[in-house]
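Hi,

Here is the structure I promised to send over. Have a look at it first, and then read my notes below.

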Protein chains: 2
Amino acid sequence: MGLTAFDHLVVRVEDIDEGIATYRDKVGLELDRTDESEALGIKQAFFNLPGGGFIEVVAPTDPDSAVGRALRRGEGIHTVAFAVDDLAATCEAMKAGGAQLIGEGGPQVFVHPKSTHGVLLQLSEA
Amino acid sequence: MGLTAFDHLVVRVEDIDEGIATYRDKVGLELDRTDESEALGIKQAFFNLPGGGFIEVVAPTDPDSAVGRALRRGEGIHTVAFAVDDLAATCEAMKAGGAQLIGEGGPQVFVHPKSTHGVLLQLSEA
């Protein structure tokens, strides 16, 4: 039970092509693939890390999506996701410890930044 | 050469004891050790992840330290550090790609947030 390892970092940017160019040319990562989620209103670019885990760059296609709204506070880290052993038990333990969760029971569970001193933590079942 | 894997996440908080309580009780991590750096003007708490890497919670002892100044923008993620294969060659390649580095040649090298769409990336030689 609990967080076991880093899974991925999500960086929100205004323009997906600029974000891809930055993480490819300046940071030096290899672009693995791009995708688009109509449901989330975002374009995505995935950069795998050789040792495991990945960096995901996202840009909104809908300004009222969660990413679009967060961009009003600027570009930067959107979420950091950790692999979790036994998601349901981990959620129960976190709530017992006083954490506020977002999206519990759904495919993506987050810990509210109010519960982490400002970090939107994503929990990914391993 | 280049980024290979996640190394650690640094979260800045106002009060180290509150930060420790949060990451222990709400996030459910086990406190590994605490430390204090007079040179950096911070107190630190380290939470190891079972699968590798760690989360470091930091609070300033000096309000004019880098962490103290960053806290004026609020609590949250301070840096995210990735292990790097061949730090010197990676720095050269990043600069050739247009990245602005901070602290090159020293023990801690960072990529300026202007070069990463708002992420203070730390490079840790593996």
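A word on naming before anything else: helices (H or I, at least four residues) and strands (E, at least two) are DSSP runs, numbered from the N terminus. This is a predicted model, in which local features need pLDDT of at least 70 and side-chain atom pairs count only at pLDDT 80 or more, while totals for chains, interfaces and linings use all residues. Residues are numbered from 1 along each chain as its sequence is written, chains are lettered from A and ligands numbered from 1 in the order in which they are written, and side-chain values use heavy atoms, with hydrogens and water left out.

A:Asp86, in the loop between strand S5 (76–85) and helix H3 (87–96) of chain A, has a positive phi of about 65 degrees although it is not a glycine. A:Asp86 counts as partly exposed at 36% relative accessibility (buried is under 20% relative accessible area, exposed over 50%, partly exposed in between, with a 1.4 Å probe and protein chains only). A:His117 is another non-glycine residue with a positive phi, near 60 degrees. A:His117 sits in the loop between strand S7 (109–111) and strand S8 (121–125) of chain A, and is buried, with a relative accessible area of 11%.

Now the core. Contact here means heavy atoms within 4.5 Å. Leaving aside neighbours within four places in sequence, A:Phe82 is in contact with residues of chain A, including A:Leu3, A:Phe6 and A:Leu121, and with B:Phe6, B:Leu9, B:Leu49 and B:Ile55.

What about the rings? Over all chains, a search of the whole structure finds nine aromatic pairs (rings of Phe, Tyr and Trp, the last by its six-membered ring, with centres within 6.5 Å; planes under 30 degrees apart are stacked, over 60 edge-to-face, the rest tilted). One of them is edge-to-face: A:Phe6 and B:Phe82, at 6.1 Å centre to centre and 85 degrees between the planes. That pair crosses between chains, from strand S1 (residues 2–12) of chain A to strand S5 (residues 76–85) of chain B. Both A:Phe6 and B:Phe82 are buried, and ring pairs link A:Phe6, A:Phe82, B:Phe6 and B:Phe82 into a cluster.

A:Ser124, in strand S8 of chain A, is buried as well, with a relative accessible area of 15%. Its C-alpha atom is 6.5 Å from that of A:Ala81, 43 residues apart along the chain. Not counting residues up to four places away in sequence, A:Ser124 touches A:Asp7, A:His8, A:Ala81, A:Phe82, A:Ala83 and A:Val84.

Last, helix H1 (residues 16–26) of chain B, where B:Ile16, B:Gly19, B:Ile20, B:Thr22 and B:Tyr23 are buried. Why do they line one face? Seen down the axis of H1(B), the buried residues fall within an arc of 160 degrees (taken from the directions from the helix axis to the C-beta atoms). Those residues pack against strand S1 (2–12), strand S2 (31–37), strand S3 (42–48) and strand S4 (54–60) of chain B. After H1(B) comes B:Gly28, with a positive phi near 85 degrees.

Cheers
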